[in-house]
Amino acid sequence: MHDDLPEKFNHDLLKNCKYLTRGTDKPNLCPYFENFGFGPEIENNEGVLANESWFSTNQFLLEFIFHNKMKHYECLTKNSTLASAIYVPFYAGLDASLHLWDSNLTVRDTSAKELVDWLSRKPEWKKMLGRDHFLVAGRISWDFRRQTDDVSDWGSKLRWLPESMNMSMLSVEGSSWKNDYAIPYPTYFHPSKDIELIQWQDRMRKLERPYLFTFAGAPRPDQQSSIRGKIIDQCLASSTCKLIDCSSAGNIDCDNPASVMRVFQSSVYCLQPGGDSYTRRSAFDSILAGCIPVFFHPGTAYSQYLWHLPKNHSSYSVFIPVREAKDVPASIEEILLGISEDKEFAMREEVIRLIPNLVYADPRSRLETADAFDLAVKGILERIEDVREVIREGKDPSVGFADEDSYKYTFPQTQEQT
């Protein structure tokens with residue numbers, strides 16, 4: 001880990017935590033940096049959550065959580081010549097939160113350019129020209145892939161800088177380029193003991209689930225391609241659906257983890273259409289509650305979290321392919337009712353089995369079970385080892401490393417809905 005990275009790239013950003021809120025729904029992010037980035041401990045869980053290890057975690061703080069986990073990683077070495085990979089603790093997402101809306105592109109790109117300039121001067125860079133380096137972001141990777149110098153174009157140019165193209169980025173949503181990887185959004189559960197995970201899994205198995213399906217979210221009337229409006233209409237028309245309305249006039253406080261988790265725990269299926277981007281934190285919250293996710297686009301999970309979710313998508317989820325709003329089936333309820341009880345039971349058991357893969361455990365403890373951090377590190381180490389093998393074979397490691405994968409967001413030709 002680059003411990004000597006200048007603090008302007010990470011810790012100094014925390015001093016501006018009051019100004020990191022644009023693009024979030026929070027008036028002040030400062031409290032969420034407590035407890036290694038897990039946020040304030042939830043004291044009144046209303047009997048819905050376990051008594052310990054539950055926090056009001058903000059989805060944008062993944063890079064801070066990851067950094068704190070890395071500081072306690074048992075295989076961390078201070079001798080870079082022994083390192084299999086080099087972690088760069090740049091808080092890319094927090095930096096972006098300060099500058100993404102700036103009309104001055106120089107300001108938007110300054111940190112990125114200064115970062116790669118600093119890295120490329122380090123002796124560690126020379127070994128593989130950065131292909132053994134990786135960084136983590138708590139925002140979607142599209143926020144760092146502005147392709148033009150048009151002020152109206154979104155994001156920074158971080159991932160288009162030549163040095164950055166040699167690195168890998170782990171973020172909550174990967175782009176369609178091969179050196180961007182998705183790792184889970186942080187949930188509210190950060191266990192410190194294996195028994196906490198086991199007890200939670202057992203609890204999720206035993207719950208009564210009176211609702212067939214649920215949807216948590218708000219409509220996107222300004223997005224013509226959004227399918228949320230039709231999903232909300234179907235949910236409201238069904239006696240077997242529970243709607244968690246997260247709009248300003250909503251019926252439930254979606255910032256209250258206990259309120260949201262209560263409904264997920266009461267539902268067999270949780271609908272997961274895309275929102276502002278392909279992916280949703282809600283997908284992970286629902287799995288944590290033992291609720292079988294229903295996806296409508298492969299980019300919401302299947303082509304994203306390759307290190308954390310099974311290749312056999314139908315083992316833990318339902319896929320209803322919807323390319324555009326007009327493709328929403330007339331009755332999602334009928335599709336879900338058509339799934340056999342045996343299949344439903346098997347999917348829920350697999351969902352509950354996956355819970356350890358998707359939580360970021362307390363960094364002060366070491367679980368026997370691999371968590372989301374462990375699987376992310378394992379994944380990137382394997383990726384970098386593949387690059388080393390290419391070099392050992394005398395081939396050019398740049399070939400294919402940062403290429404675009406144009407098939408990542410395409411729908412399969414045929415796909416069973418279960």
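Mentor: Start at Leu336. This is a predicted model, and sequence neighbours within four places are set aside here. Leu336 is then in contact with Leu212, Phe213, Tyr269, Leu271, Val294 and Val318.

Now widen the view. Leu336 belongs to the largest nonpolar core, which has 95 residues. Together with Phe66 and Tyr269, Leu336 touches the most other members. Tyr269 is also one of the contacts of Leu336. Helix H14, residues 372-392, gives the most to this core: seven residues. The core draws on both domains, with at least three residues from each of domain 1 (7-186 + 372-393) and domain 2 (207-357).

There is a second, separate core of 20 residues. Among them are Ala96, Leu115, Trp118 and Met169. In soluble globular proteins, nonpolar side chains tend to be buried together.

Met169 lies in strand E3 and stands opposite Leu135. E3 covers residues 168-171 and pairs with E2 in the parallel sense, over four bridges. Strand E1, residues 86-88, also runs parallel to E2, joined by three bridges. There, Ile86 has His133 in E2 as its bridge partner.

That leaves E2 itself, residues 133-137. Five of its five residues are buried. His133, Leu135 and Ala137 point one way from E2. Phe134 and Val136 point the other way. Both sets are buried.

Note on methods. Residues are numbered from 1 along each chain as its sequence is written. This is a predicted model: local features need pLDDT of at least 70, side-chain atom pairs count only at pLDDT 80 or more; totals for chains, interfaces and linings use all residues. Side-chain values use heavy atoms; hydrogens and water are left out. Buried means under 20% relative accessible area, exposed over 50%, partly exposed in between (1.4 Å probe, protein chains only). Helices (H or I, at least four residues) and strands (E, at least two) are DSSP runs, numbered from the N terminus. Two strands pair if DSSP finds at least two bridges between them. A nonpolar core is a set of buried Ala, Val, Leu, Ile, Met, Phe, Trp, Tyr and Cys residues joined through side-chain atoms within 4.5 Å. Domain bounds come from an automatic or database domain assignment. Contact means heavy atoms within 4.5 Å.
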